Amino acid sequence: RAPNSTALAIRMPDGDRTSRRFNATDTLDHVFEFVEATTDLDLSGYEVMAQFPRKVFRRSSETLREAGLIPNGSLIVHLP
């Protein structure tokens, strides 16, 4: 595990799980792009969130380090 990377586990709305290693300097935008490229589901209006502590992430240029997703994180893709 590299000190400047993070492993994110992501659960999709249909229950599928995927994971990927990102650089700590990658942004939340990168995570949203990965989510959209990973599924064929209609994700209109979706949210990406952490359960513990509960936090909703918005598409932004905030880095994964700034978002507190280092050295790893577990995210849920939620449809409203």
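Two strands are taken to pair if DSSP finds at least two bridges between them, and helices (H or I, at least four residues) and strands (E, at least two) are DSSP runs numbered from the N terminus. The structure is a predicted model, in which local features need pLDDT of at least 70 and side-chain atom pairs count only at pLDDT 80 or more, while totals for chains, interfaces and linings use all residues. Residues are numbered from 1 along each chain as its sequence is written, and side-chain values use heavy atoms, with hydrogens and water left out.

In strand 5, Leu75 is the residue that Ala50 stands opposite. Strand 3 and strand 5 run antiparallel and are joined by four bridges. Strand 3 also runs antiparallel to strand 4, to which three bridges join it; here Val48 stands opposite Phe57 of strand 4. Four residues lie between strand 3 and strand 4, which form a hairpin. In general, strands of a sheet pair through backbone hydrogen bonds, either parallel or antiparallel.

The five strands make up an open sheet with mixed pairing, in the order 2-1-5-3-4. Strand 2 and strand 4 (55–57) are the edge strands, each pairing on one side only. On average, neighbouring strands of this sheet are turned by 30° against each other, direction ignored. Helix 1 packs on the sheet and touches strand 1 (5–11), strand 2, strand 3, strand 4 and strand 5 (72–78); contact means heavy atoms within 4.5 Å. The direction of helix 1 makes about 145° with that of strand 2, where axes are lines fitted to C-alpha atoms, for helices over the stretch in contact, and angles run from 0 to 180 degrees between N-to-C directions.

Rings of Phe, Tyr and Trp (its six-membered ring) pair if their centres lie within 6.5 Å; planes under 30 degrees apart count as stacked, over 60 as edge-to-face and the rest as tilted. By this rule there are two aromatic pairs. The ring centres of Phe22 and Phe34 are 5.8 Å apart and the planes stand at 90°, so this pair is edge-to-face. Because Phe22 lies in strand 2 (residues 17–23) and Phe34 in helix 1 (residues 28–38), the pair ties together parts that are 12 residues apart in sequence. Both Phe22 and Phe34 are buried (under 20% relative accessible area, with exposed over 50% and partly exposed in between; 1.4 Å probe, protein chains only). For Phe32 and Tyr46, the ring centres are 5.5 Å apart and the planes at 35°, so the pair is tilted.
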